[in-house]
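User: I am new to this structure and would like to learn how to read its features one at a time. Could you take me through a few of them?

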Amino acid sequence: MDSGCWGAQGRVLQTLPGRCLWKGFLGEFSNVTFFIFGPLMMFLMYPYAQKRSRCIYITWILFMVIGLFSMYFHMTLSLLGQLLDEIAILWLLASSYSIWMPRCYFPTFLGENRPRFTCLVLITTVVSTFLSFLRPVINAYALNSIAVHILYIVFQEYKKTNNKELRHIMEVSVVLWAFALTSWISDRLLCSFWQWINFFYLHSIWHVLISITFPYGMVTMALVDARYEMPGHTLKVRYWPRDTWPVGLPYVEVRDDKNC
């Protein structure tokens with residue numbers, strides 16, 4: 001998902017090499033947010049992970065791996081770097097599906113059996129990993145298409161709830177994702193225009209926005225999941241560093257209902 005102005009299969013365009021190198025440097029630097037938000041969210045979500053599942057740490061490890069592979073890709077502009085980045089994203093989505101997908105959205109033939117669903121996701125992800133080597137040029141579009149299904153689930157859950165806090169974080173998550181996707185598409189389709197006006201920051205903006213979108217999306221799915229998987233507990237959204245600040249990193253605080 002990081003090929004941007006570099007064309008198919010991660011090969012850098014032969015024109016304007018100095019500008020591409022500058023953009024590559026910006027791409028490397030903008031991945032710093034993955035290494036900041038990853039450990040911070042692991043710390044902030046620790047109480048939730050203890051109550052729900054420690055497998056949640058896998059998602060944050062993969063989140064940081066994406067930042068690492070993306071940085072490697074921008075340093076080398078290689079097909080290998082592109083594939084590593086995209087495969088890491090694929091496995092992050094797979095792990096998130098396995099943990100937070102509400103049972104009511106499972107395929108009918110699985111019933112509501114999460115272990116079976118996890119096996120199905122694992123098999124699909126392994127097959128998709130091998131297929132990603134066949135036509136690398138379509139990988140980014142395939143990964144972004146998964147967002148359509150996620151948006152469908154968010155929309156369905158949005159209609160089900162009257163919880164203003166949940167509705168708010170859903171709205172913010174969708175808006176952040178829309179801005180991030182717009183940056184990615186614009187960078188990919190209008191590369192010549194951005195080079196013409198000497199604007200090399202759009203791809204870096206994509207990195208920063210998507211690294212912020214994931215914490216919001218994770219908290220959104222945690223709140224939705226709690227309705228199905230954590231009876232007897234209430235999740236309260238908090239923001240780091242302070243709830244009163246206009247901008248912050250979201251996380252959840254777990255409250256035991258019987259102690260309220």
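User: With which side chain does the side chain of Asn-31 make a polar contact?

Analyst: Bear in mind that this is a predicted model. A polar contact pairs N or O atoms within 3.5 Å, and here the side chain of Asn-31 makes one with the side chain of Ser-70, at 3.2 Å. Leaving aside residues up to four places away in sequence, Asn-31 touches Ser-70 along with Gly-67, Met-71, His-74 and His-207.

User: Where is Asn-31 placed, and is Asn-31 buried or exposed?

Analyst: Asn-31 sits in the loop between helix 1 (17-30) and helix 2 (32-44). Buried means under 20% relative accessible area, so Asn-31, at 0% relative accessibility, counts as buried.

User: Which residues does the record annotate as "transmembrane region"?

Analyst: The unreviewed UniProt entry gives that annotation to residues 29-48, 55-75, 87-105, 117-134, 140-156, 168-185 and 205-224. In the model, residues 55-75 are 95% helix and 0% strand, with end C-alpha atoms 31 Å apart, while residues 87-105 are 74% helix and 0% strand, with end C-alpha atoms 24 Å apart.

User: Which residues form a nonpolar patch on the surface?

Analyst: The patch is formed by Tyr-141, Ile-185, Leu-189, Leu-190, Phe-193, Trp-196 and Ile-197, which together have about 750 Å² of accessible area. Helix 8 (164-189) and helix 9 (191-196) are the elements that give two or more residues to this patch. Ile-185, for instance, lies in helix 8 and is partly exposed, because its relative accessible area is 35%.

Technical notes
Residues numbered from 1 in each chain as written. Predicted model: local features only at pLDDT ≥ 70, side-chain atom pairs only at ≥ 80, totals over all residues. Heavy atoms only, no water. UniProt positions renumbered as here; feature names shortened; annotations may be inferred. Helix = DSSP H or I, 4+ residues; strand = E, 2+ residues; numbered from the N terminus. Buried < 20%, exposed > 50% of the residue type's maximum accessible area, 1.4 Å probe, protein only. Polar contact = N/O pair within 3.5 Å; in protein donor to acceptor, adjacent residues only side chain to side chain. Contact = heavy atoms within 4.5 Å. Patch = residues over 30% accessible without salt bridge, like charges linked within 9 Å, V, L, I, M, F, W, Y side chains within 5 Å. Areas by Shrake-Rupley, 256 points an atom, 1.4 Å probe, with all protein chains shown as cover. Salt bridge = Lys/Arg side-chain N within 4 Å of Asp/Glu carboxyl O.
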